[in-house]
Amino acid sequence: PRATRREQKGLAPRRFARRTRRTRARSMAAATFSATLATAPRDVAVRASSARAVVLARASRRHHRASRGVVVVAPSSRSTASARPTAVAAAAPAGDALPPTAVFDTVVAAAEKKAAQDPATTLLLGFSAGALIGMGALLMSCVGGASPALAASNPGLCNFLKGAVGLPAGLTLVILTGAELFTGNVMTMTSGVLAGKVDAASLARNWTLSYVGNFVGSVALAFLAFWACTAAAPAAKAAVIGIATMKATLPFAVSFFKGVLCNWLVCLAVWGTMASTSTAGKILAIFWPITAFVALGFEHSIANMFLIPHGMLCGADVTIAQMMMNNIVPVTLGNVFAAAVFVAGLHWRAYSYGGNVAAAAARVVAAAPEPAAR
């Protein structure tokens, strides 16, 4: 009996130490799990909550065995899949597209990056964007535009061909090379300003540099295309001249509203590229909106900076004043209005306005003086 009491006295501290280790292990596992749960998506969090007890218990047992020097063998792939559904759910991709709220946050982050970009880089990338959009416009003119027989027999199909072949390729190259396209930058920078992440000076600088770069790049490509005799065939030359003449003789109001409808679709195409997480998804997001705006006859200011000068070089009876006042100026205004109101403003109001109001209210409450104690 005396030996038994001595053994019991020696075992009591050991039991207390084991209980302490188990309690500490459970606390560590709970803290880690709570931190992971706070950053997980809502659907993952809901599924994780249902398995919380199981995960904590297994984590505690593994920690306890490790503290005793017991080697824990990793479970098989089948048991891992069934025992840890939360880890699998968190690691698996949610899909090929971000949710709209996350897309707006991505747009705002892109605005912050553009605001911090070197002005010379913005100007050079603007030149690249103007030239690439001009490439797509040239392709449209020489394929869909240079198909008079198809236009006479099936005008709807011809319009679809002009939309599908040309400008989608140009915008794809712009997105994949990171070029600075003015019409997309209006949406991006306006979103940053509305979200309070970018100031008005950065917005004005980005708009000016990208617009000038786009104009220079488009006109430079028009000269290159003319010197390369890309529209030497009679059908192509007639198409190029006809497109330039038509665009330069539109009424001011018509050009404005065509510009509004055009850039609404163009900015949604850019939005889609930011939503997609794959190159194939970005290309598909570009294809349908750009095809739609060309097939419907809407007006894009940067594309017109190539199409009208190229037509003038090929013999279109158009003056610079007609080009500017009947097309470039009103179309640019319409493009800006659509990007700022129908895309940036609309999605800011839908996905970010409430958070900004709540943050402003919190700042007001924090700044308010506390009432004097009686």
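User: Which helix does V212 lie in?

Analyst: V212 is part of helix 12. Bear in mind that this is a predicted model.

User: Why is V212 called partly exposed?

Analyst: Its relative accessible area is 40%. Buried means under 20%, and exposed means over 50%. V212, at 40%, falls in between, so V212 is partly exposed.

User: What makes the nonpolar surface patch, and what is its area?

Analyst: L123, F127, V212 and V216 make it, with an area of about 310 Å². Helix 7 (119-142) and helix 12 each give two or more residues to this patch.

User: How many cavities of 30 Å³ or more does the structure hold, and what is the volume of the largest?

Analyst: There are 2. The largest cavity has a volume of about 60 Å³. Helix 10 and helix 15 (279-295) each give two or more residues to its lining.

User: Which residues line the largest cavity, and what are they by class?

Analyst: The lining consists of I133, L167, L171, L181, V266, I290, F293 and H300. By class, 7 are nonpolar, 1 is polar and none is charged. Ile, Leu, Val and Phe count as nonpolar, while His is among the others, so H300 is the polar one.

User: What makes up the lining of the second largest cavity?

Analyst: K114, A115, Q117, T122, S202, R205, N206 and L209 line this cavity, which has a volume of about 30 Å³. Helix 12 gives the most, with 4 residues. Helix 6 (100-115) also supplies at least two.

User: How do you know that its lining has charged residues?

Analyst: By class, the lining has 2 nonpolar, 4 polar and 2 charged residues. Lys and Arg count as charged, so K114 and R205 are the charged pair.

User: How much space lies in the second largest pocket, and which residues are closest to its centre?

Analyst: About 460 Å³ of space lies there. Of the 20 lining residues, A110, K114, I175, G178 and M274 are the closest to the centre.

User: Which helix gives the largest share of the pocket's lining, and what is the lining by class?

Analyst: Helix 6 does, with 4 residues. Helix 10 (167-177), helix 11 (182-194) and helix 14 (252-275) are also among the helices that each supply at least two. By class, the lining of the second largest pocket has 9 nonpolar, 7 polar and 4 charged residues.

Definitions and conventions:
Residues are numbered from 1 along each chain as its sequence is written. This is a predicted model: local features need pLDDT of at least 70, side-chain atom pairs count only at pLDDT 80 or more; totals for chains, interfaces and linings use all residues. Side-chain values use heavy atoms; hydrogens and water are left out. On a 1 Å grid over the protein atoms alone, a cavity is a set of points where a 1.4 Å probe fits but cannot get out, and a pocket is an open set with protein on both sides within 12 Å along at least five of seven lines; lining residues have an atom within 4 Å of a point. Grid points are joined across faces, edges and corners, and a volume is the space filled by probe spheres set on the points. Patches are made of residues with over 30% relative accessible area and no salt bridge: like charges are joined within 9 Å, nonpolar side chains (Val, Leu, Ile, Met, Phe, Trp, Tyr) within 5 Å. Accessible areas come from the Shrake-Rupley method with a 1.4 Å probe; for residues, only the protein chains shown count as cover. A salt bridge is a side-chain nitrogen of Lys or Arg within 4 Å of a carboxyl oxygen of Asp or Glu. Buried means under 20% relative accessible area, exposed over 50%, partly exposed in between (1.4 Å probe, protein chains only).
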